[in-house]
Each structure stands twice: as C-alpha cells, then as structure tokens.
2 protein chains.
Amino acid sequence: MGIQERKERDKEELRRKIIAAATELFREEAYDAVGMRKIADKVEYSVGTLYLYYKDKDELFLAVQEEAFRQAFAYIQQLPETDDPLERLHGLGERYVRYGMENPELYRLMFMMEHPMQALSQSDDWRSGILLHQLLTEIVQDCISAGRLKSDDPHRMSFALWSFVHGMVSLRISHRLDIYNGEHLNCPLCGEDVEQLVIDTNKMMMKILEVPKQL
Amino acid sequence: MGIQERKERDKEELRRKIIAAATELFREEAYDAVGMRKIADKVEYSVGTLYLYYKDKDELFLAVQEEAFRQAFAYIQQLPETDDPLERLHGLGERYVRYGMENPELYRLMFMMEHPMQALSQSDDWRSGILLHQLLTEIVQDCISAGRLKSDDPHRMSFALWSFVHGMVSLRISHRLDIYNGEHLNCPLCGEDVEQLVIDTNKMMMKILEVPKQL
DNA sequence: TAAATAAAATGAACGCTGTTCATTTTAATG
DNA sequence: CATTAAAATGAACAGCGTTCATTTTATTTA
C-alpha cells in the first residue's frame with residue numbers, strides 16, 4: 001500500500017527539482033529572461049507539466065523566492081563569535097550587502113520585484129525572510145542593551161538599518177551607482193570600486209552610530 | 001522656406017506628446033502593463049509611428065525616465081527657507097520619500113528598474129538626477145560646515161543618506177514593508193501606517209545624526 | 001491646377017511570451 | 001491481459017515588442 005506514498009514523494013521531488021532548476025537559472029538571468037520553456041527544458045519535462053505543479057509563473061517564483069530566502073539566511077547568519085554586539089551588527093550588515101551584490105538576480109526577486117509579493121500577503125512563505133529580520137532586531141537589541149548603539153528604539157533602528165543596507169545594495173544592483181563612475185559627478189568617491197564603496201559606507205555608518213566603549 | 005522648420009517643430013512636438021502620454025500612463029501602471037499599443041492609442045497614432053520617433057521601448061522609456069527626473073527634481077528641490085541647514089536636509093529627505101511613495105511607478109523607473117539603465121551609460125540623460133544628487137551633497141556640505149552633522153565626509157554621507165531614504169521608499173514600493181502589517185512580526189511598529197513609518201524613521205535618523213546646536 | 005515626388009503614417013504579420021487543454025503516454029488495478 | 005486512472009505532452013491562443021510593404025498625406029515641379 002506504499003504506492004500512494006511513493007507517488008507523493010515523487011511529486012514532491014519534482015516540485016523540488018523544478019524550484020532548484022528555476023533558482024539556478026535565476027541566479028544568473030533576470031526574471032523576464034527566464035521563461036517557463038527554459039525551466040521546463042532544464043528539468044527535462046514539457047512546459048505543460050510545470051503547470052501541474054505550479055498554478056502560474058508567479059506561484060513558481062514565489063517558491064523560488066522562499067528558496068532564495070533560505071539560502072540568503074543560511075549565508076548571512078554565519079557570524080563570528082564576539083563579545084561586542086556592535087561588531088556582530090557590523091558583520092551582519094556586511095554579509096547582507098555582500099550576499100546581495102554577489103547574487104543580484106536572487107536579491108531582486110527577494111526584495112525588489114513587485115510580482116511575487118501580491119500573491120503572498122498572509123501566506124507563510126517569507127519565513128526565512130522574517131527570521132532574518134528577527135536576527136537583525138535581536139542584535140540591535142543587544143547593542144542597545146550593551147550601550148553600544150545610539151538608539152533607544154530597537155525596532156525602528158532595525159528598520160532604518162535594513163533600509164540603509166538595502167538601499168545601497170539595490171542601487172548597486174540597478175546600476176544606479178554607475179553615476180560614480182563616469183564624469184557626471186566629480187567627487188572623491190568616483191575612484192573607488194562601487195562594491196567596496198558600499199562595504200566602506202556600511203562601516204562608516206556603524207562608526208557614526210557607535211557609542212564608544214566605556215573605559 | 002519655413003516649412004522645414006515647422007516640420008521639425010511638429011516632429012519635436014509629437015515626441016513631446018508621446019513622452020507626456022507615456023509618463024501619464026506610467027504614473028499609474030507598471031512597466032509591463034504599459035504596452036506600445038496603449039501609448040499609441042493615447043496619442044492617437046498607430047503603433048508603427050512610435051517607432052519613427054523612438055528606436056524601441058527602452059529608448060522611449062529612457063525619455064520618460066528623464067521626464068520623471070525633471071518632475072521629481074522640481075518637486076523635491078522646493079525647500080522652505082531656513083537658517084539651519086540640517087532642517088533643509090531633513091526637508092529634502094522628507095520630500096524625497098513623499099515623492100517616491102506618491103509616484104511609485106515613476107520612482108521604479110527612475111531608481112529601481114534595470115531596463116533603461118544599460119542604454120544610458122554615458123549619455124547625458126540623468127541630468128536632473130545628477131542635479132538632485134548635487135543638491136543633496138551641497139546641503140550635507142553646509143550641515144558639516146555649520147557643525148550640525150556627525151560626519152567629516154560629505155560625499156560618503158550623501159551616498160549613505162541617499163541609500164537610506166531610497167531603501168525605505170523602495171521597500172515600501174515593493175510592498176516589503178507589508179511584513180509590518182500582518183502578524184508575521186509582532187513589534188511596536190506594526191500598528192503604524194507604513195508611509196508614516198518611513199517619514200518618522202527619516203526624522204529619527206536625522207535626530208541621531210544631528211550635532212546639537214551650540215548655546 | 002494637375003502631375004510627380006517626397007515624407008509620414010499605417011496595421012497586418014512575425015517571433016516571442018505565459019497559459020490552456022484535447023490528446024497521448026505511462027502506471028496501477030481488476 | 002484488459003481496464004481504468006494518472007501523468008505528461010505540445011500544438012494552439014492571446015498578448016507582447018517590433019518590422020516593413022503599403023497607403024495616405026504633404027510638398028514640389030510642370
């Protein structure tokens with residue numbers, strides 16, 4: 001009587017394969033460039049089959065988004081042990097921007113695209129995204145408790161810091177920081193590599209928000 | 001012999017009309033939802049005609065982007081007279097986020113979409129965007145000169161502040177702040193209206209970065 | 001004014017997209 | 001082996017951006 005079970009396992013596995021293939025394609029190509037036929041080719045099934053497993057492209061990419069969140073969370077939460085929570089906060093920001101800039105298309109999917117959001121609303125995808133946000137809030141909380149951060153509102157500060165790093169990453173990804181390359185602007189930042197600029201500016205912000213250690 | 005001139009004026013006017021129509025459509029509909037046929041309908045010409053005036057959709061929307069930048073700059077640079085440059089900086093940020101949140105699709109075009117950027121590179125569209133950036137840098141410069149801002153690097157600070165407000169606006173526009181609505185997170189921010197949250201958080205950041213006035 | 005020429009505008013057609021569904025293939029059951 | 005259920009298929013459809021032979025409009029010449 002294990003046939004039903006095996007069939008369901010098979011179905012679940014194909015679902016996984018589809019998402020894995022789509023995620024892989026998505027890592028290097030933009031949303032519009034990754035068509036349903038291309039995904040179907042990669043998993044070696046026909047186009048129509050995809051629609052037996054996912055209602056439409058939106059739903060499929062919502063699942064890819066969830067997968068991307070898992071991967072991002074796994075990468076970002078690896079933080080070195082430290083006594084100083086502010087150092088952890090700095091590390092968190094740095095890993096965040098690095099991950100975003102190294103996986104621009106996945107980052108787009110997670111944080112910039114309008115498409116797959118409308119569907120979610122109150123679904124419990126986004127779980128890893130929420131976890132990431134909670135991790136941030138906890139560390140900010142720790143920093144404030146330790147008297148190392150110029151803030152008395154951990155939640156609002158978390159939102160502010162998220163916005164800050166997301167702002168840098170998304171401007172980078174959308175090539176808006178290219179203005180620092182040409183001769184449009186002439187300012188001291190123009191020489192620097194833009195990815196280094198993002199990392200350095202995160203560091204600067206941390207320094208400004210820091211409450212110096214008591215001696 | 002004014003016929004040539006009149007013809008060129010006519011051509012220029014139709015170009016203007018096309019951009020005006022496209023901009024209007026774009027104010028309320030997303031990039032993908034605004035097709036060439038829809039724009040053609042609005043200006044009461046056929047689809048093919050659009051291609052006599054703009055090489056392709058990218059080029060057309062690059063012109064819309066330029067128009068959007070003009071409008072955004074015109075709105076944002078209206079700042080009240082004040083002695084305190086920090087107040088000006090605060091006002092600039094607030095107008096920036098308000099404009100962005102009130103014109104989400106145009107904001108997307110200006111700062112979030114990948115599409116029309118590749119074409120530009122070193123073209124001199126983006127002029128109004130550059131102006132906006134220069135305005136920001138000037139005000140930040142003034143704040144530092146007046147000893148009102150915790151920074152010694154006006155250019156990097158400008159980039160940081162731009163990233164911060166852009167981060168908030170773009171997260172809002174992409175509906176990523178909806179996590180503050182549901183029961184995903186349970187934090188004090190959740191009650192607040194998200195647009196007010198953005199405005200208030202900008203204010204908070206200004207307070208933190210402020211060097212108190214000397215008595 | 002009429003004919004000839006140049007310029008501008010047209011919209012059907014092409015290859016692409018996401019999506020559907022009648023058909024075929026495969027697997028499980030009697 | 002025959003029957004039935006389940007799964008996979010891919011041609012077909014409507015929409016997209018884009019092209020280009022054709023038609024319409026405007027200008028110049030006879």
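**View 1. Where chain A meets chain B in this predicted model.** Contacts join 38 residues of chain A to 38 residues of chain B. H9(A) gives the largest share, eleven residues. By class, the side of chain A that touches chain B holds 21 nonpolar, 13 polar and four charged residues.

**View 2. The surface near DNA strand C.** Around DNA strand C lie 18 residues. Those that come nearest are A:Gly35, A:Asp56, A:Lys57, B:Ser46 and B:Gly48. From chain A, helix H2 (36-43) and helix H3 (47-53) each supply at least two residues of this surface. H3(B) provides the largest share, four residues. Eight residues of the surface are nonpolar, five are polar and five are charged.

**View 3. A:Glu44, a residue with positive phi.** A:Glu44 sits in the loop between H2 and H3 of chain A. Its phi is near 60 degrees, a positive value in a residue other than glycine. A:Glu44 counts as exposed because it has 9 C-beta neighbours inside 10 Å, and the cut-off for exposed is 12 or fewer.

**View 4. B:His175, with positive phi in a loop of chain B.** The loop lies between helix H9 (154-173) and helix H10 (194-209) of chain B. Phi of B:His175 is near 65 degrees, again in a residue other than glycine. B:His175 has 17 other C-beta atoms within 10 Å, so it is partly exposed.

Conventions. Residues numbered from 1 in each chain as written. Chains lettered and ligands numbered in written order. Predicted model: local features only at pLDDT ≥ 70, side-chain atom pairs only at ≥ 80, totals over all residues. Contact = placed C-beta atoms within 7 Å. Nonpolar A, V, L, I, M, F, W, Y, C, P; charged D, E, K, R; others polar. Near = placed C-beta within 6 Å. Buried ≥ 20, exposed ≤ 12 C-beta atoms within 10 Å, placed from the backbone.
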